[in-house]
Amino acid sequence: MTVVDHNTIELSPRISEAAPADYIALLKPRVMSLVIFTALVGLVIAPGHVHPVLAFTSILCIAVGAGASGALNMWYESDIDALMSRTANRPIPRGRVTRPEALTFGMTLAFFSVMTLGILVNWFAGGLLAFTIFFYVVVYTIGLKRWTAQNIVIGGAAGALPPVVAWVAATGSLSVEPLLLFLIIFFWTPPHFWALALFRNDDYARAGVPMLPVVAGPDATRLQILLYTIVLVAIATAPWPLGYFDAVYGVTSLVLGAGMLGFAINVYRHRVGSAALRATRKLFAFSILYLFGLFATLLLEVVVRALVPSIW
Amino acid sequence: MDDKRKPDGIVLTEAQLKSRRQRSVAIALALGVLVVLFFAVTLVKGPAVLVRPL
């Protein structure tokens with residue numbers, strides 16, 4: 001018989017001191033806020049009436065699904081997050097949350113968000129939300145990000161899907177309008193993230209992430225930013241002459257598009273020194289305003305039309 | 001009997017106890033929201049709650 005004296009066994013398990021705020025940080029709240037906003041627009045411009053409780057449920061599920069994607073992204077990328085100054089303060093590199101904890105948290109949220117949307121709203125929307133999470137985590141984070149400089153071009157589809165999910169949640173079907181919203185975000189993503197990558201080039205190079213400025217150089221990136229911005233402005237304005245969105249949207253799109261194009265030209269022209277850094281930072285900041293402005297216009301139009309029907 | 005005897009096993013620090021309490025409250029709130037959500041949607045949909053188009 002063996003006698004084990006438990007006092008001689010050294011126990012040093014890791015006991016978490018993570019607060020809810022650390023888990024909220026895993027959800028990437030800033031990205032989540034943009035997802036909520038674009039999804040809200042997709043839901044509001046959809047035809048027909050959606051009960052407020054179902055609308056709230058849809059937006060909540062899409063937001064939690066986006067948060068789950070963020071947590072799973074941080075689970076997989078904790079090694080490179082620790083190497084980059086922009087991400088070194090995230091909960092896993094700081095030691096507040098372990099990788100298995102983040103994985104469990106992300107998977108749990110993904111499961112509940114998809115199932116809740118499917119059960120309470122409709123399974124087309126639930127399936128599309130599941131595909132969005134899968135695309136962001138498996139295709140973009142695990143597959144593309146460390147493999148190709150086109151990572152954010154293809155991966156941008158995941159960020160462009162929330163308004164489509166919201167439209168499907170409201171109507172149960174697909175249509176041209178949500179696909180236009182998808183295309184706007186899809187072509188907005190490269191200029192936005194390549195502007196960020198230009199002034200965070202050292203970070204990405206240190207972490208070995210093949211962002212376009214690291215692989216092809218800053219000048220090639222500036223050209224790509226300009227080309228994608230031209231396509232973006234054309235696509236964002238097209239719904240007006242095609243008759244999908246009205247003149248208020250069209251004019252806003254033209255004005256904001258001129259600004260976006262101006263900032264992209266500035267990035268292309270200023271290639272060295274502080275002027276180049278300033279130009280990329282300005283484009284990055286304006287690109288957020290650009291997308292917000294376009295979607296806010298669509299949202300405001302619907303709100304004003306509902307409040308003052310005689311205007312239209 | 002000595003009431004001040006140290007307990008066996010792992011003793012959590014104040015910080016660990018506090019964070020565990022906060023996490024427990026957050027989980028309880030999340031579950032509460034889920035229950036209220038399902039209840040509210042059941043009221044809204046009524047008998048149609050079982051009709052779930054694909």
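Predicted model: local features only at pLDDT ≥ 70, side-chain atom pairs only at ≥ 80, totals over all residues.
Figure 1. In other words, you will find 14 helices and zero strands in chain A. The C-alpha trace of chain A spans about 90 × 55 × 25 Å along its principal axes. Of the 312 residues in chain A, 46% are buried. Take the contacts in chain A between residues at least 6 apart in sequence: 72% of these join residues at least 24 apart.

**Figure 2. The two domains of chain A.** Welcome to the next view, where chain A is divided into domain 1, residues 18–172, and domain 2, residues 175–312. The centres of domain 1 and domain 2 of chain A, taken over C-alpha atoms, are separated by 21 Å.

**Figure 3. Where domain 1 of chain A touches domain 2 of chain A.** Here 26 residues of domain 1 of chain A are in contact with 24 residues of domain 2 of chain A. On the domain 1 side, at least two residues each are supplied by helix H2 (29–45), helix H7 (151–160) and helix H8 (162–171) of chain A. The largest share of that side comes from H2(A), with seven residues. Sorted by class, the residues on the domain 1 side that touch domain 2 of chain A are 17 nonpolar, six polar and three charged.

**Figure 4. Helices H6 and H8 of chain A pack together.** Angles over 145 degrees count as roughly antiparallel, so that is how H6(A) and H8(A) run relative to each other. The crossing in which H6(A) passes H8(A) is left-handed.

**Figure 5. The residues that join H6 and H8 of chain A.** Finally, let us look at the side chains by name. From H6(A) come Phe124(A), Ala125(A), Leu128(A), Leu129(A) and Thr132(A). They meet Val164(A), Val165(A), Val168(A) and Ala169(A) in H8(A). By class, this contact of H6(A) with H8(A) holds eight nonpolar residues, one polar residue and no charged residues.

Notes: Residues numbered from 1 in each chain as written. Chains lettered and ligands numbered in written order. Domains from an automatic or database assignment. Contact = placed C-beta atoms within 7 Å. Helix = DSSP H or I, 4+ residues; strand = E, 2+ residues; numbered from the N terminus. Nonpolar A, V, L, I, M, F, W, Y, C, P; charged D, E, K, R; others polar. Buried ≥ 20, exposed ≤ 12 C-beta atoms within 10 Å, placed from the backbone. Axes fitted to C-alpha atoms, helices over the stretch in contact; angles between N-to-C directions. Parallel < 35°, antiparallel > 145°, perpendicular 65-115°, else oblique. Left-handed = near helix turned anticlockwise from the far one by under 90°.
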